[in-house]
Amino acid sequence: MELVTPNVGTIFWMIIVFGIVAFVLKKFAWRPILNGLYEREESIESALNAAEKARQEMANLKAGNELLLAEARKEKDAIMRQAMNLKDGIVAEAKEKASFETQKSIENARRQIENEKAKAITEMKQQMTEISLMIAEKVIRKEMAGNKQQQEMVNKLIDEIKLN
Amino acid sequence: MPTIFIRLFLTLVMAVFWLNPVTAQNDGDHQNHSDGNSNSEEGFDAGKFVIEHVLDAYDWHIASYGDKHFSIPLPIILYSNYPELHSGKKLHVFMSSKFHHAHDDYKGFRISHSEEFNGKIIELNEQGHEIGRPTDLSITKVVAGAMVSAIVLFSLLFAAAHTARHNRGRAPSGTQNLVEPIILFIRNEIARPSIGDKNYKKFMPSLLTLFFFILLTNLLGLIPIFPFGANVTGNISVTMVLALFTFFVTNISGNKHYWKEIFNPDVPTWLKLPIPLMPLLEMTGMITKPFVLMVRLFANMLAGHMIVTVFLSLIFIFSSLMGPAAGYGVSPISVAFAVFITLLDVLVSFIQAYVFTLLSAIYFGMASAEHH
């Protein structure tokens, strides 16, 4: 029967021992341990949340980057196209201008040639006149005494002769 | 109402557990007597041996060699009911070594060998007759064992608390790593489901203290080397204090709904008036709940200690019945069984600490639950 009979002394000391254990542990062990635990759980939770947020932001940033890249590519294409057009235009203009210049210089040359020709012809005519006159003078000197009437007649005749 | 069924069930369980130690004890007593008669000439009394190993004692016995006993004396604190027999002194404090292993009287006190007070300190009158027990507040082996486990618990948990304080917000290390999984287990598997997310934090220190104290005391009780190995949780006074702790925490934190369920439960009026049948039943439940806790832990731990001792005493029974050779022969089997039972006791230590804490948590949950 002694086994199942509570003993006053043991109960008394157990109340003291267990009371001290419960009180001291609550104050000096469980409080820091549990507080540390809760704090760490919270910090881990918040860190996970922050990581998730950062990941989200990263994804957003990546999408933005891609958008920017596509836009830049489009812009580049547009600029290239524009440049090509410009180049084509410039080349065409240059070609046109060059051909115009050529034409103009050819025209000039022709005109000059024409002028020179005309000048040469006039000169030739003059020389021819002189030569003719000389010939005629020689001829007429031989044939005529006064040459004034003769020279007039010859001039008239030469004028009548049209070259070409 | 499921709670009533639970209470009825627990009451039944309690009844079974309550009866068993008593009958077992009666059996033990019978055996004790018969063994005492039959084995007295062989010199080994198995019943006495087993019972002495699980009972409380005034000194901490370590070993005996022949007639020499080695034991640690423990302080004896007595409050005499008859101060006139001790020259007017009421309080007596001395070491248990003064009794010389219950062979001598000291200052009018004696460790009794009588049927009624066997092993307890009694007062003697002038003629040397036993006249009754003084108020006995001695630091017995069980109390010393509880103090040892309190010291171990303190050193373990203060180390953990120290690192917890220094490791604020960082990864746990050292003893903290040993303690934290258990704390998390108690929180996630015991406190949260039984008490609820809203109230559990308030009860965490109580549950943790109960679990760690019971587990550590159970386990230290299995180590058969001084200063461990005292049968602390297998002592009914100890488990009674632990159960009382649960009882007081439950009833102090009981809310309005809890007390209404006890004094004015939702049952037909004829069950409450004129005879308060249900309130009486509920109040019985209030007491049976910690009672069940007390008996379960006590009986389980006591049984474990007893079985180990029985297996080991088989060696001496055989050697005293059939000679030393039989004792040596049977010792490997005995030791193997004792080791097996000790390992089983390790498991039981965990289970009993878990069950005690779980049931306490359920009672705390009942006391703090809101009306549903």
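Of the 372 residues of chain B, 47% count as buried, meaning under 20% relative accessible area with a 1.4 Å probe, protein chains only; exposed is over 50% and partly exposed lies in between. This is a predicted model, in which local features need pLDDT of at least 70 and side-chain atom pairs count only at pLDDT 80 or more, while totals for chains, interfaces and linings use all residues. Residues are numbered from 1 along each chain as its sequence is written, chains are lettered from A in the order in which they are written, and side-chain values use heavy atoms, with hydrogens and water left out.

Chain B has nine helices and eight strands. These are DSSP runs numbered from the N terminus: helices are H or I with at least four residues, strands E with at least two. Contact means heavy atoms within 4.5 Å. Among the contacts in chain B with a separation of 6 or more, 60% join residues 24 or more positions apart.

Now take helix H7(B), residues 256-263. Its residues His257(B), Tyr258(B), Glu261(B) and Ile262(B) are buried. Seen down the axis of H7(B), the buried residues fall within an arc of 140 degrees, so they line one face of the helix. The arc is that of the directions from the helix axis to the C-beta atoms. An α-helix has 3.6 residues a turn, so residues three or four places apart point the same way. The cover over the buried residues of H7(B) includes H6, H8 and H9 (324-368) of chain B.

Asn218(B) sits in helix H5 of chain B. Its relative accessibility is 0%, so Asn218(B) counts as buried. The side chain of Asn218(B) reaches the backbone oxygen of Ser349(B) at 3.2 Å. Beyond its neighbours within four places in sequence, Asn218(B) is in contact with residues including Leu297(B), Met301(B) and Gln352(B).

Next comes the interface. Chain B gives 58 residues to the contact and chain A gives 35. Together they bury about 4,200 Å², 75% of it on carbon and sulfur atoms. Buried area is the accessible area (1.4 Å probe) that two parts lose on being put together, summed over both.

Two salt bridges cross the interface of chain B and chain A. A salt bridge is a side-chain nitrogen of Lys or Arg within 4 Å of a carboxyl oxygen of Asp or Glu. Arg40(A) and Glu180(B) meet in a salt bridge, at 2.4 Å from N to O. The elements of chain B that give two or more residues to the side touching chain A include H1 (2-39), H3 (141-166) and H8 (277-322). H3(B) supplies the largest share, 13 residues.

Technical notes. A polar contact is a pair of N or O atoms within 3.5 Å; within protein, one must be able to donate a hydrogen and the other to accept it, and residues adjacent in sequence count only if both atoms are side-chain atoms.
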